[in-house]
Amino acid sequence: MKIKLIAYAALFIMVAGCSSVPITNRKQMNLLPESEVRSMAVSEYRSFLSQSKVVNNTENSRELKSVGEKISRGAEKYLSENKMGDRVKNYSWEFNLIDDPTVNAWAMPGGKVVFYAGILPVCQDENGIAVVMGHEIAHAVARHGNERMSQALAAQLGGMALDVALSDKPEQTRQLFLSAYGVGANVAVLLPYSRLHESEADKLGLVFMAVAGYDPREAPAFWKRMQAQSGGGSPPEFLSTHPGDERRIKDLNDYMPKALKHYAPAQQ
């Protein structure tokens, strides 16, 4: 009887935690309450900003915020029109530029986005920023971090609930969280999943930037520049868990006709 109860409980958790990623419709398992994940994200985001050199009131920082606002509105528009608006209902978007030469960018739950100054030369212009911004906003919308955090808690902390993990093993849980969202951490433990997430974020990102009025055909050019950035050595942090460059560019071009259906330059 006890085994049956455990089985029923496990089945309930699987059903309750199962959802579909917008656009790709892939089934995903997010077992953590979004409200808890967003709350933790706000705390960690504030902590990160307080320890970093945030760039404000410059041409680059203003452009970054402008692009972020346009693409986040584009994402919300797409989701609303496809009856998925609740997915970002409680998001409070923030876009910050950090004075750091690292070639990287990342996003936390609830729409907390960071760009490092080192990635801007690779972006080159507003369209390049839009490629990266669309990709990062896609991660947040797709709740990839929740999925990876759920997997990490299951693998390393025995499926412990987030609030219990924070209470019993706060530092280990914090490191799992930072790793799940790629905040300057070694995410090797999650590589089998992250390559799937990166490819998925590419597709969502193309659609979101297109809805916002940015030409998604700029994406392959950006990734060619990123490929050149590695120069045959260690890849930039931003590429550490991404699909191979040639495969990524092929996949982007293959998906381009679908993304272009959403492209309306006059909206920008």
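**Sheet, rings and spaces**

Analyst: In this predicted model, strand E6 (residues 112-116) and E5 run antiparallel to each other, and their pairing extends over 4 bridges.

User: Which residue in E6 stands opposite Trp106?

Analyst: Trp106 belongs to strand E5 (residues 105-108), and E5 pairs with E6 in the antiparallel sense. Across that pairing, the residue in E6 that stands opposite Trp106 is Val114.

User: Which are the edge strands of the sheet?

Analyst: The open sheet is formed by 4 strands with mixed pairing, and their order is E3-E4-E6-E5. An edge strand here pairs on one side only, and this holds for strand E3 (54-55) and E5.

User: How many aromatic pairs does the structure hold, and why is the pair of Phe48 and Trp106 edge-to-face?

Analyst: The structure holds 7 aromatic pairs. For Phe48 and Trp106, the ring centres are 5.0 Å apart and the planes stand at 80°. Planes over 60 degrees apart count as edge-to-face, and because the angle here is 80°, the pair of Phe48 and Trp106 is edge-to-face.

User: How many residues apart are Phe48 and Trp106, and are they buried or exposed?

Analyst: Phe48 lies in helix H2 (residues 34-50) and Trp106 in strand E5, so that the pair links distant parts of the chain, 58 residues apart. Both rings belong to one aromatic cluster, formed by Tyr45, Phe48, Trp106 and Tyr116. As for accessibility, Phe48 and Trp106 are both buried.

User: Which element gives the most to the lining of the second largest pocket?

Analyst: The second largest pocket has a volume of about 150 Å³, and its lining divides into 4 nonpolar, 2 polar and 6 charged residues. Two helices, H9 (191-211) and H11 (245-260), each supply at least two residues of this lining. With 6 residues, the element that gives the most is H9.

User: Over the face of which residue does Arg248 lie?

Analyst: Arg248 is one of the residues lining the second largest pocket. At 3.7 Å from the ring centre, Arg248 lies over the face of Trp223.

User: What is the volume of the second largest cavity, and from which element does the largest share of its lining come?

Analyst: The structure holds 2 cavities of 30 Å³ or more, and the second largest cavity has a volume of about 50 Å³. Helix H5 (126-142), H9 and helix H10 (218-230) are the elements that give two or more residues to its lining. The largest share, 4 residues, comes from H9.

User: How do the residues of the lining of the second largest cavity divide into nonpolar, polar and charged?

Analyst: The lining of the second largest cavity includes Trp223, His135 and Asp202, and Asp202 is also among the residues that line the second largest pocket. By class, the cavity lining divides into 6 nonpolar, 2 polar and 1 charged.

Technical notes: Residues numbered from 1 in each chain as written. Predicted model: local features only at pLDDT ≥ 70, side-chain atom pairs only at ≥ 80, totals over all residues. Heavy atoms only, no water. 1 Å grid on protein atoms, 1.4 Å probe; cavity = no way out; pocket = protein on both sides within 12 Å on 5 of 7 lines; lining within 4 Å. Points joined across faces, edges and corners; volume = space filled by probe spheres on them. Nonpolar A, V, L, I, M, F, W, Y, C, P; charged D, E, K, R; others polar. Phe/Tyr/Trp six-rings, centres within 6.5 Å; stacked < 30°, edge-to-face > 60°. Buried < 20%, exposed > 50% of the residue type's maximum accessible area, 1.4 Å probe, protein only. Lys NZ or Arg CZ within 6 Å of the ring centre and 35° of its normal. Pairing = 2+ DSSP bridges.
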